[in-house]
Structure formats: C-alpha cells, structure tokens
Amino acid sequence: IEANGIKGGPDWLAITEDSVWTNSRGTNMVFRMDPKSDQILAAVPVPKPCSGFAVAAGTLWSPSCDEHVIYRIDLKTNEVVSKVPVGPANTEGGIAFGSGSAWMPSDPKGVVSRIDPATNKVTAEISVPPDSFTAVYGYNLVWVSSTAKSVVSVIHPATNKVIAEIPVGPNPRFMAAGEGYVWTLNQGSGTVTKIDPRTMKVVATID
C-alpha cells in the first residue's frame, strides 16, 4: 500500500464478512480492501494507527497513538462515527471486544479500560501487572499479557476482577484465543505458551 509515494507499512489486520482492513503507519490511514478484487474500497484517516483492531458493534475500533483515542469506523459507510477518549498503553498491543464491551490496555503502569460501545464511556478500570499491552477475549473471559512480568491476567467480565495470573514464557505480548485454548507469543524465547481456559493452567510450551 502506498500513498503519494510513501510506503504504508501495514501492521494489523481485521477480517469481516466481506472485507479486510489494515492500517498504514506511513500514511496515517486505515484501509478497507475487497478480498475478491484485491482493490482498496476505502481509505480512512487515522493519525498513527496502532495497537491492533477490534470489529464489534457495527464498527472497526482502531486505536490512534497520535491522538490517544480509539477511532470507531462504521463498517457500512466507512465514516468515523466517534472517537473514544482512551489511548493504548503501547504502540504494539491489542484491543479486544467481548461481553458487550471493548477492552483496551490503556496505561503502561497496568490498567485495562472497559468501554461501553453504547456510550463510548469507560465503565471500569481494572488493575493488572505493569507493561500489560495486549488483550484478547475468549471463553467468556478477558486475557491480558504482561510483557515485563511474563504473566497472563484473566479478567472476569461479571466482576471486572482479575481471577487468575498465569505464568507463561518470557516477555509475552501478542495472543490468540481459539481451538479450545489461549496462546501467547513469548518474545523473550521464541516460544508459544498454550493455556487451558478451563483449568487456567499452562499445558504446553512450544518452541
């Protein structure tokens, strides 16, 4: 992706039923692409888009590391419909959506902000270990990795409380939830930790 001769530097992907979205750090844009024609359908200005995407409540949620807000882009009109006044804790992290809320690690000291999509207001601020940058939602829980402390915190949406802290491989950052497990990418060792969400125990460390 290029604009005015500047390489876009795409870094994140989000997939909807009919489109693929990516950011462009070099051009301060978020692009919507057609997977059938490989054409760009829309270019939406977002200053320094960073720290992942979430698709929920009719919008793409795109954090801005320049304005320290979350842009909400309408999935049908491609228009920015609101800016949530919550900034990401780090340029390299992740925003999640589940249990009717968005979950954004919002302070490197250790805070996850829960956001109501109906009001764009923060309804809870949950304390987690420092340098917690990435959140994912899965198995009715919110999973947050701390790169500094090498743990995954588990937040229960019913109480907004951390119900477990799970030691994983060194320096986890990005995660995924799927195939019955939660997976962390451990940047300090080049390993993947596999967590059983039922027992909240590590069941494997994969080189």
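Biologist: Which residue stands opposite Ser 153 in S18?
Modeller: Glu 165 stands there. Keep in mind that this is a predicted model.

Biologist: What makes strand S17 and strand S18 a pair?
Modeller: Pairing needs at least two bridges between the strands. S17 (residues 151–156) and S18 (residues 161–167) have six. They therefore count as paired, and the sense is antiparallel.

Biologist: What do S17 and S18 form, and which residue in the turn has a positive phi?
Modeller: They form a hairpin, with four residues between the strands. In the turn, Asn 160 has a positive phi of about 60°.

Biologist: How many bridges join strand S21 to strand S22?
Modeller: Five bridges join S21 (residues 191–196) to S22 (residues 201–206). The cut-off is at least two, so these strands pair as well. They run antiparallel.

Biologist: Why is the contact of Cys 50 and Cys 65 called a disulfide?
Modeller: The cut-off is sulfur atoms within 2.5 Å. Here the sulfurs are 2.0 Å apart, so the pair passes. A search of the whole structure finds one disulfide.

Biologist: Which parts of the chain does the pair link?
Modeller: Distant ones. Cys 50 sits in the loop between strand S6 (40–45) and strand S7 (54–56). Cys 65 sits in the loop between strand S8 (59–64) and strand S9 (69–74). The two are 15 residues apart.

Biologist: Why is the disulfide given its handedness?
Modeller: The torsion about the S-S bond of Cys 50 and Cys 65 is about 90°, so the disulfide is right-handed.

Biologist: Are Cys 50 and Cys 65 buried or exposed?
Modeller: Both are buried.

Biologist: Where does Ser 51 lie, and why is it called buried?
Modeller: Ser 51 lies in the loop between S6 and S7. Buried means under 20% relative accessible area. Ser 51 has 1%, so the label holds.

Biologist: What about Asn 78 and its phi?
Modeller: Asn 78 has a phi near 65°, again positive in a residue other than glycine. Its place is the loop between S9 and strand S10 (80–84). The relative accessible area of Asn 78 is 19%. The limit is under 20%, so Asn 78 is buried.

Biologist: How do you know that Asn 120 counts as buried?
Modeller: Apply that cut-off of under 20%. Asn 120 has 17% relative accessibility, so it counts as buried. Asn 120 lies in the loop between strand S13 (111–116) and strand S14 (121–127).

Biologist: Where is Gly 98 found, and why is Gly 98 called buried?
Modeller: Gly 98 is in strand S11. Its relative accessible area is 6%, under the 20% cut-off, so Gly 98 is buried.

Biologist: How much space lies in the largest pocket?
Modeller: About 380 Å³. The lining has 21 residues, and the closest to the centre are Phe 53, Ala 54, Ile 95, Ala 135 and Val 136. Elements giving two or more residues to the lining include strand S3 (13–15), S7 and strand S11 (96–98).

Biologist: How do the residues of the lining of the largest pocket divide?
Modeller: Into 17 nonpolar, four polar and no charged.

Biologist: What makes the radius of gyration agree with a compact globule?
Modeller: With 207 residues, a compact globule would have a radius near 17 Å. The protein has 17 Å, so the values agree. The C-alpha trace spans about 50 × 40 × 30 Å along its principal axes. Of the 207 residues, 50% count as buried.

How values were computed:
Residues numbered from 1 in each chain as written. Predicted model: local features only at pLDDT ≥ 70, side-chain atom pairs only at ≥ 80, totals over all residues. Heavy atoms only, no water. Buried < 20%, exposed > 50% of the residue type's maximum accessible area, 1.4 Å probe, protein only. 1 Å grid on protein atoms, 1.4 Å probe; cavity = no way out; pocket = protein on both sides within 12 Å on 5 of 7 lines; lining within 4 Å. Points joined across faces, edges and corners; volume = space filled by probe spheres on them. Nonpolar A, V, L, I, M, F, W, Y, C, P; charged D, E, K, R; others polar. Rg over C-alpha atoms; globule rule 2.2 N^0.38 Å.
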